[in-house]
Amino acid sequence: MSKIKVALIGVGNCASAMVQGIHHYKNNEKEDEAVGLNYLYLDGYHPRDIKFVSAFDIETRKVGKDLSEAIFFPPNNTLKFTDVPQLGVPVLKGPVLDGVGNHMKDIVKISESPEVDVAQKLRESGAEIAINLLPSGSVKASQRYAEEALKAKCAFVNAAPVFIASDAAWSTRFEKAGLPIVGDDLVDQVGATILHKVLLKMLADRGVRISETYQLDVGGGTESLNTLERTRDMKRIVKTRSVERALPYKASVVAGSTDYVDFLENRRDSYFWIKGLYFGRTPMQLDIRLNTVDAPNAGSVMFDVIRGVKIAIDRGIVGPLLGVSAYAFKHPPQAMSLEEAEQMFEFFIQGEKEQ
Ligand SMILES: NC(=O)c1ccc[n+]([C@@H]2O[C@H](COP(=O)([O-])OP(=O)(O)OC[C@H]3O[C@@H](n4cnc5c(N)ncnc54)[C@H](O)[C@@H]3O)[C@@H](O)[C@H]2O)c1
């Protein structure tokens, strides 16, 4: 297969897990060896077909370093699960804008290197897909990189919780430019949102009437601090709406409240509480804690998204990819149930239904 040339916008924890993941899975040939991947092959593409060809950040400890080293520099604090060889991809200094919130000034040190022309660097690297992995709250910076992707004729993947793919004005611009776009706000592989939805759906399918439920997250990555300081309210709306869609009736739902506990590093504890009535209006309650590491939780879904976007490019499909977005993001252009989203993604991959 030809390589899928990808640019990383933000070399944080999530980028670290993705770069490591390519090397971790590169020799796997059989599905049962590829523990932790949803799909080893998608329309013939293996994760090793993904090649990171350019990377942008603003952190002084990352800018100028090879991507293979930058992913392990602080303030990144996620797991190292694989050694990564030198990649020959230097991290370039991008525009800062609102990428670094006031509360991050002691944690993130902004590089004094000159800012590069992002569109030109994207073009020079041959990137066909740009992935936005900027921190929560980076609205202007995310929009600026979307502009640069348009200029450089790159498809755009928006993993951050800012409305770009789900904004009709933006998705139309990508469509007119002949480029696919997907987003917004990636769904984790075994994250709180998906687990909460599955639990609620299972209970509702079995006749339980849920009256109240909440989900609380505590984490120690820079993303948890950013969410707490800058996007807590917005995240709560996005996650709550997403979880509410799992129930066929109205209930009191709160999802996405968050807090920051630095010593947890990139670990995340998610607490779920569900209250309802079953046979004879008998009360039931459910109390669960999920413990994960945040960044690897993005890897499998991201590999599916990248390959999904590449398949769209191969087939000349442009504009918002509805199936890929609904399968992999919390705030897609068109929301649908879990089953519909998974089915639409499968149809899309098989080429039975392009949108
Ligand atoms: N499981 C996951 O990791 C997951 C799941 C869903 C969504 N997301 C989203 O992905 C994004 C990245 O998450 P993360 O955990 O890697 O965050 P992170 O804080 O570890 O990384 C963000 C990176 O962006 C860099 N940055 C900040 N401003 C910049 C700018 N203007 N230009 C270039 N780089 C800049 C930072 O220096 C840092 O390296 C977040 O928006 C998060 O909400 C992640």
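**Figure 1. Asp-184 and the loop between β6 and α6.** Asp-184 sits in the loop that runs between β6 (180-182) and α6 (192-205), shown here in a predicted model. The peptide bond that leads from Gly-183 into Asp-184 is cis, and its omega is near 0 degrees. Asp-185 is likewise placed in the loop between β6 and α6, and this residue, although not a glycine, has a positive phi of about 70 degrees. Is Asp-185 buried or exposed? Asp-185 counts as buried because 25 C-beta neighbours lie inside 10 Å, where 20 or more are needed for that class. As background to this view, most residues other than glycine have a negative phi, and most peptide bonds are trans.

**Figure 2. The cis peptide bond between Pro-74 and Pro-75.** In this close-up the peptide bond from Pro-74 to Pro-75 is cis, with an omega near 5 degrees. Pro-75 belongs to the loop that lies between α2 (67-70) and β3 (91-93).

**Figure 3. Asp-43 and its backbone in the loop between α1 and β2.** Asp-43 is located in the loop between α1 and β2, and its phi is near 50 degrees, which is a positive value in a residue other than glycine. Asp-43 has 16 C-beta neighbours inside 10 Å and therefore counts as partly exposed, since that class lies between the limit of 12 or fewer for exposed residues and that of 20 or more for buried ones.

**Figure 4. The shell of residues around the ligand.** The ligand is surrounded by 38 residues, of which the closest are Gly-10, Gly-12, Cys-14, Gly-99 and Ala-160. When the residues of this shell are sorted by class, 21 are nonpolar, 11 are polar and 6 are charged. Which elements each supply at least two residues of the shell? They are α1 (13-25), β2 (50-57), α7 (222-244) and α8 (296-315), and α1 gives the most, with 3 residues.

Figure 5. The protein is divided into domain 1, which is made up of residues 4-187 + 296-350, and domain 2, which covers residues 192-293. The centres of domain 1 and domain 2, taken over C-alpha atoms, are separated by 25 Å.

**Figure 6. The open sheet of strands β8, β7, β9 and β10.** This open sheet has 4 strands in the order β8-β7-β9-β10, and the pairing within the sheet is mixed. The edge strands are β8 (252-260) and β10 (282-293), each of which pairs on one side only. Between neighbouring strands of the sheet the average turn is 10 degrees when direction is ignored. Strand β7, residues 209-219, pairs with β8 in the parallel sense over 8 bridges. Within this view, Leu-216 has Ser-257 in β8 as its bridge partner.

Methods
Residues are numbered from 1 along each chain as its sequence is written. This is a predicted model: local features need pLDDT of at least 70, side-chain atom pairs count only at pLDDT 80 or more; totals for chains, interfaces and linings use all residues. A residue is near a molecule or strand if its C-beta atom, placed from the backbone, lies within 6 Å of it. Ala, Val, Leu, Ile, Met, Phe, Trp, Tyr, Cys and Pro count as nonpolar, Asp, Glu, Lys and Arg as charged, and the others, Gly among them, as polar. Domain bounds come from an automatic or database domain assignment. Two strands pair if DSSP finds at least two bridges between them. Axes are lines fitted to C-alpha atoms, for helices over the stretch in contact, and angles run from 0 to 180 degrees between N-to-C directions.
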